Amino acid sequence: MRLLPLAFALLSTLPAAHAAHAAERVSLTQAMADPDWIGNPVERAWWRWDGKSAYYLQKRDGASIRDTWRVGINGGAAGRLDDAARVDLDADGAVIDAAGSRSAFIRNGDVFVRDLRGGALQQLTRDNQAASRLQWSSGGALVWRAGEAWYRWDGRGVVQAAVVKAEDAPGTPPKADDLRDRQLRLIATLNDDRARRDAARVQADDWRKADPTRAPAPVYLGKGVEIAETALSPDGRWLLAVTREKGADAGRAGKMPIYVTESGYEEVEDVRTRVGRGDPLPHRLWLADLATGKLAELGFDALPGIAVDPLAAMRKAAGKPALQGNRALQVGDVQWSADGRNAAVMLRAIDNKDRWIASVELDGARLQPRHRLTDLAWINWGFNEFGWLPDGRTLWYLSEESGYSHLYTLDGTRRRQLTQGRWEASQVSVSRDGATFRFLCNRSAPGDYEVCKVPAAGGEVRELTALDGVEDFSASPDGTKLLVRHSLAYLPPQLSVVDAAGGEAQRLTDTRSADFKARSWIQPQIVQVPSKHGAGTIWGKYYAPEKMEPGRKYPIVMFVHGAGYLQNVSARYPNYFREQMFHNLLVDQGYIVLDLDYRASEGYGRDWRTAIYRWMGKPELEDYLDGLDWLVETKQGDRDRAGIYGGSYGGFMAFAALFQKPGVFKAGAALRPVSDWSQYNHEYTSNILNTPELDPEAYKRSSPLEYADGLQDHLLIAHGMIDDNVFFKDSVMLAQKLIELRKDKWELAPYPLERHGFTHADSWHDEYRRIYELFERTLK
């Protein structure tokens, strides 16, 4: 039949007589076009110093430039800042002093201080070293880092408070060397010259220590290390430094060929190592007393469980040597109290089975464990925020220990859980007086995000917004209002302002184009699919005609989101906004569509997240099979005409569905897919499957290459050839396997100028044209 090209042409372009219809529904060409046509979202937002207006970033149409816009909180049109106005611009990430009278921020790498009473702006630095880690002291001084040096401003002048060097300190005794020792013993002049140099150095050091006008001496960490991070106490007295071994083997990197280049020649790009081919380098932690020059290493022996190997049985079964001594770990972050009297560090085992928070005993130069979170699967990448309340002694932190991310405080040995329930707290913000926590919560439903608050002393959790899709928020400089960035299914992130005590939101922006707003969109129905595999409820987005024809069975398309740990079934504007428009198009063409937050997705707690430990592809496929049953049993779905598609992790799942359940899905599209997890990165994969050497069974049963012989249905593979996340090599290997197996219902579409996330409309259109034609050909 020759109907397919005609049907596709009707989707792509419509005659002028049907212009009104074009304004209502979206064509494939429009859906896959540069998203500028939608109206670019508000990307980041922050307050102006007086709290009367807000700034935000928005991509410029037809460019990659991000412009800064300003909008009044009492209404009125937003205006783009011209070049001259940027001189007085406040910047995102401002920190406010304890008195609430000054804010400090970094703009173009330089440090500025704003007087919040009158608006006067003072620039503290002007150089080519980007500043970072701004923090006010409780006494009103400001500290920051630039390069390997730290600076402090007390209102009068900027001084260098500390500088850290990965070098041996002058006068460090050299390693034993018989030839050198012999020369010094036999040649008196050499010995005398050395003694004079040493005496001059000692005298210079003594003069420096005795002179309060001098900058402190550098902190020398030794030439055998690289500096990973440093953190100065706000009072300028103490410095914490994190190091790793210099020149340590980080594993063999890959080489990615690039064929279509500006030079006209083939080029090669270095890319990441594979899982198990180079563990993250372990850290060491140091404390420097800048007043005395004393440097001490903070050992990790006191951390509970540090010497216990959670992989010992697996190591033994694999014939690997037992762990000797403490497990290796990395320092995740350092937080100083505003008075400089307390510091806390977050540490994570490199096997990612443990996370510790420890405070630093400054006088004794040792760590004091305060909290341990352990997980036999893996510690989450998120929900690791922590810090000090303004009192300088109370530590707050997020933890998944209850099964969901919740907020805790720790004052001495007194521990208090401030939030609880089958929901998650994130993006914590502390009020300036320390009396209130504000944070994101999804109490009403896993995909319904609002701003919540709870007293620091404990009490009722209250929702301050009713926007459903809150992305992030920030308090005004005086703390009376909240600037909230929020979105909905067809509303890219926008700004509203809400009273800090809660109440009705006042919309500040709507950056959508008239064309996009005029179209008629199918609102996804948030549904709960019952699990037949013990998972309880699987949340999903269901797209269907407004009115179903009685007795008709509809072909089914199931979409699988990427990233594994990502939430797509929420009230927010989806990461997959193009796919959402594609689902509108599919429904218009007679399909029903289901998009699930399968097990491993974000937003549903620890057990849901770790359900895939040591077997990726199994529980997720069970969830999609349950979704298919639900569509057939309750939504007039046709079991014999079901297809599946997705990208990245979703591409991996398309492989799993077609290879492991042949005949269930008549067609599938695997976009930028993982075909063998041994090719993926260490940080992600080792958490879930351990390493190929320790846990070969986990990799065998999780990798699609092992099941490729099961393919009997139609498969489309689409992949960017310069993908530096999931390498194009994955699809090439899978193609070779299918060739060897003499499979005949598959095709591979390569995209020479695309990385993991496509950026060119032509590529998007070609990819989704192929997906659409695949489904039309096989499901209808």
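Residues are classed as buried under 20% relative accessible area, exposed over 50%, and partly exposed in between (1.4 Å probe, protein chains only). The model is predicted: local features need pLDDT of at least 70, side-chain atom pairs count only at pLDDT 80 or more, and totals for chains, interfaces and linings use all residues. Residues are numbered from 1 along each chain as its sequence is written, and side-chain values use heavy atoms, without hydrogens and water.

A search of the whole structure finds 60 salt bridges, each a side-chain nitrogen of Lys or Arg within 4 Å of a carboxyl oxygen of Asp or Glu. Arginine 180 pairs with aspartate 181, with the closest N and O atoms 3.3 Å apart. Arginine 180 counts as partly exposed at 27% relative accessibility. Aspartate 181 is likewise partly exposed, at 38%.

In a further salt bridge, lysine 59 meets aspartate 36, and the closest N and O atoms are 2.8 Å apart. Lysine 59 lies in strand S2 (residues 53–59) and aspartate 36 in the loop between helix H3 (28–31) and strand S1 (44–47), so the pair ties together parts 23 residues apart in sequence. Helices (H or I, at least four residues) and strands (E, at least two) are DSSP runs, numbered from the N terminus. Both lysine 59 and aspartate 36 are buried.

Glutamate 269 forms a salt bridge with arginine 755, the closest N and O atoms being 2.8 Å apart. This pair links distant parts of the chain, 486 residues apart: glutamate 269 is in strand S17 (residues 267–271), and arginine 755 is in the loop between strand S43 (746–751) and helix H15 (761–779). Glutamate 269 is partly exposed at 21% relative accessibility. Arginine 755 is partly exposed at 29%. Salt bridges with shared partners also join Glu747, Asp766, Arg769, Arg770, Glu773 and Arg777 into one network.

Four strands form an open antiparallel sheet in the order S32-S33-S34-S35; strands pair if DSSP finds at least two bridges between them. Strand S32 (470–475) and strand S35 (506–507) stand at the edges with a single partner strand each, so one side of each lacks a neighbour in the sheet. Five bridges connect S32 with strand S33 (residues 481–488) in the antiparallel sense. Phenylalanine 473 stands opposite valine 484 in S33.

Leucine 186 belongs to helix H4 (residues 178–186). At 56% relative accessibility, leucine 186 counts as exposed.
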